[in-house]
Amino acid sequence: MENKVTKEIFNPINENIKKLESLFPEIVKDGQVDFEALKQELGQFEEVGKEKYELTWPGKTQAKQLANTDIVGKTLKYVPEDSKNPETTENLYIEGDNLEVLKLLRNSYYGKIKMIYIDPPYNTGNDFVYRDKFESDKDIINMLEGEINEIGERLVKNQKSSSYYHSNWLSMLYPRIKLARELLTDEGVIFISINDDEVVNLRKICDEIFGANNFIHVLKWKRKKQPSFLHGHVASVMEYIVIYAKDSNKLEKLSIETRSDGNTRVDNKSNSVSMRLIKKGIRVKLPKEVTIIKAGIYKNKTMETEYLNDVYIKDGRTINDFYAKARFRNEQQMIDKFVENDVLFITKNYGFRRDLLSEELEKRKSITDLLLDWGDNQDSDSEINELFPEGKPFDYPKPVKLIKNLIACVDTEEQYIMDFFSGSATTSQAVFELNAEDGLNRKFILVQLPEPCDEKSEAYKAGYKNICEIGKERIRRAGEKIKEEFKDKEGIEKLDVGFKVFRVADTNIRWNSEALKEGQITMEEATLKNKDLIDFNPGFTDIDVVYEIMLRHRDFPLTSKIEKLSNIGERTYIFADAIVVCLEEKVTDKIVDGIAAIEPKPIKVIFRDSAFDDDISLKLNTMNRLDAQLKKHNQGKEQSYRVEFI
């Protein structure tokens with residue numbers, strides 16, 4: 001049976017079964033869970049009564065189902081005209097419904113996000129919340145016929161007079177937080193801003209999703225210097241930040257004080273170059289397919305490392321001793337201690353970093369739960385006014401200092417920070433400022449629905465039609481402002497102030513030849529005109545297709561390099577130096593031989609089914625030639641790779 005590129009982005013049910021199987025191998029039989037066996041593994045406890053302590057509401061079951069339902073027929077479309085420094089940046093700005101975006105990102109960023117900060121609607125009675133399901137088939141028909149604007153229909157005002165006031169909010173937030181947990185690293189953490197209206201309910205759904213044992217704390221943030229004159233019985237100046245860890249046992253102490261080894265833990269940042277012996281067994285943060293680091297010099301934004309001999313890797317760890325030259329801060333004795341304590345690791349750019357030793361962690365002071373000097377609403381107004389002197393386009397943004405301190409109190413060095421209610425994009429400015437100060441390379445992923453600006457608002461009058469336009473412009477202006485402020489700092493020109501823009505869109509690919517099945521075209525018409533009619537939807541580009549295929553592969557970020565292999569064909573590409581996507585309408589021997597000669601060897605090659613005109617012999621001969629040519633270029637050794645078709 002030939003391999004097909006899967007239509008699904010991610011199958012959460014299969015992932016959950018795999019997790020159960022890893023804990024209790026004997027309960028999964030032929031891919032199905034034996035629930036009787038599971039109960040036996042749990043001690044054969046009698047089933048408790050139906051009544052139990054939990055938070056429930058009308059629509060909870062549907063909210064759970066929504067989180068576990070895969071997304072079909074959607075993709076992320078690259079928007080180069082809105083992007084900045086797209087060839088070098090590692091930052092992302094994504095326009096669309098954050099529920100759809102979180103599902104679309106599950107393969108690329110599953111277990112990859114170190115920190116998430118969100119500022120969702122507070123449910124004050126004047127907030128808009130996402131409407132994730134339609135009440136009737138007529139609603140769907142009206143949208144398809146254009147009678148309902150999609151963005152307008154996505155957001156509904158959740159008034160306190162509604163009988164489902166709390167339920168609507170809980171149903172909106174539950175699946176999003178559940179999906180967010182999947183994206184966090186094992187050491188990851190989520191910070192959620194909220195006020196008095198829903199803080200209790202927020203904690204209850206987070207207890208259910210994360211587990212009550214992974215609750216860290218509720219911070220109290222002073223958002224106002226003075227209370228409003230229009231207050232009720234008690235003048236409110238505080239808001240809350242609820243904190244949950246993916247695994248509280250793996251989350252380090254939350255502290256913003258200077259670390260004992262300086263502002264960073266880059267272990268090659270001293271003034272002079274020296275050589276160190278690195279004993280085998282250290283962790284390697286590289287893709288699984290990388291099994292060797294060749295001897296040589298490797299440069300990146302913050303360091304340069306020379307490996308004096310080849311380093312061999314198996315199961316994410318080095319398996320031989322090796323020597324390296326760099327500007328090591330620590331002497332050999334300390335390097336040996338780092339290896340012994342399993343805190344030293346090789347970064348994806350082949351530099352050296354380390355986690356803090358337990359004694360260093362103990363010396364650091366935790367943040368307190370009362371945040372009195374972490375910025376307030378006046379500060380945020382001043383910040384947005386400074387960036388937009390022509391007129392403030394956004395009301396009630398969070399202050400940069402608040403988000404900056406939250407990021408700083410977690411080990412986010414070189415890691416991803418996500419904000420999927422990004423609003424005016426304060427999180428991007430906080431990331432830029434921190435990176436400018438300490439020379440590190442934190443990366444952000446921001447997600448925002450393109451909510452239309454009110455035509456009477458200052459933002460609309462200034463030319464911003466939706467919130468995404470405000471957010472993107474803030475990122476551009478904040479990046480340039482910070483580079484100017486730090487212009488005298490060494491290496492500031494390398495600060496990543498770019499971002500790639502993607503937008504939720506309909507799929508580019510006619511999965512399973514849908515055009516033929518639905519009778520839109522015949523095979524003869526497609527062959528005579530253009531095979532693209534069979535395979536792709538109107539308005540597609542080759543790059544759109546490559547990105548859509550990338551989304552269906554685990555562990556490849558959307559900032560992965562895409563290269564057009566013009567020496568092979570006009571429609572052949574490779575991303576992350578690992579996956580070849582051949583969109584040629586006809587696969588020739590020259591194309592096959594060119595793919596086989598690629599160095600380093602790709603781990604997968606994807607062809608179009610239509611390129612073989614339903615000729616099984618032609619497809620088989622092509623695959624045999626590819627295999628033979630790969631062996632030839634690999635000096636007769638077996639080359640592990642996979643071939644798939646769209």
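I began with Cys453, which is buried at a relative accessible area of 11%. I took buried as under 20% relative accessible area, exposed as over 50% and partly exposed as in between, with a 1.4 Å probe and protein chains only. The model is predicted, so I noted the limits: local features need pLDDT of at least 70, side-chain atom pairs count only at pLDDT 80 or more, and totals for chains, interfaces and linings use all residues. Residues are numbered from 1 along each chain as its sequence is written, and side-chain values use heavy atoms, with hydrogens and water left out.

**Cysteines**

I looked for a bonding partner of Cys453. The closest cysteine sulfur is that of Cys468, at 9.5 Å, which is too far for a bond. A disulfide is a pair of cysteine sulfur atoms within 2.5 Å. My search of the whole structure returned 0 disulfides. I also checked Cys409, which counts as buried because its relative accessibility is 0%.

**Whole chain**

I counted 22 helices and 29 strands in the chain. These are DSSP runs numbered from the N terminus, helices being H or I with at least four residues and strands E with at least two. Of the 646 residues, 51% count as buried. Contact means heavy atoms within 4.5 Å. Among contacts with a separation of 6 or more, 75% are between residues 24 or more positions apart.

I found Asn508 in the loop between S24 and helix H17 (514-517). Asn508 counts as buried because its relative accessibility is 7%. A polar atom of its side chain lies 3.4 Å from the backbone oxygen of Asp544. I used polar contact for a pair of N or O atoms within 3.5 Å; within protein, one must be able to donate a hydrogen and the other to accept it, and residues adjacent in sequence count only if both atoms are side-chain atoms. Beyond neighbours within four places in sequence, the contacts of Asn508 include Thr75, Phe536, Asp544, Val545 and Glu548. In helix H20 (residues 542-550), 8 of the 9 residues are buried, among them Asp544, Val545 and Glu548.

**Asn320**

Asn320 sits in the loop between strand S17 (317-318) and strand S18 (322-326). Asn320 counts as buried, at 17% relative accessibility. Its side chain reaches the backbone nitrogen of Tyr312 at 2.8 Å, and a polar atom of that side chain lies 3.1 Å from the backbone oxygen of Asp310. Leaving out residues up to four places away in sequence, Asn320 touches Ile278, Lys280, Asn309, Asp310, Val311 and Tyr312.

**Helix H21**

In helix H21 (residues 589-596), I listed Ile591, Val592, Gly594, Ile595 and Ala596 as buried. Their cover includes strand S27 (579-582), strand S28 (604-607) and helix H22 (616-633).

**Surface residues**

I placed Glu490 in the loop between helix H16 (467-485) and strand S24 (500-506). Glu490 counts as exposed because its relative accessibility is 79%. Glu490 and Gly439 are 51 residues apart in sequence, with 9.2 Å between their C-alpha atoms.
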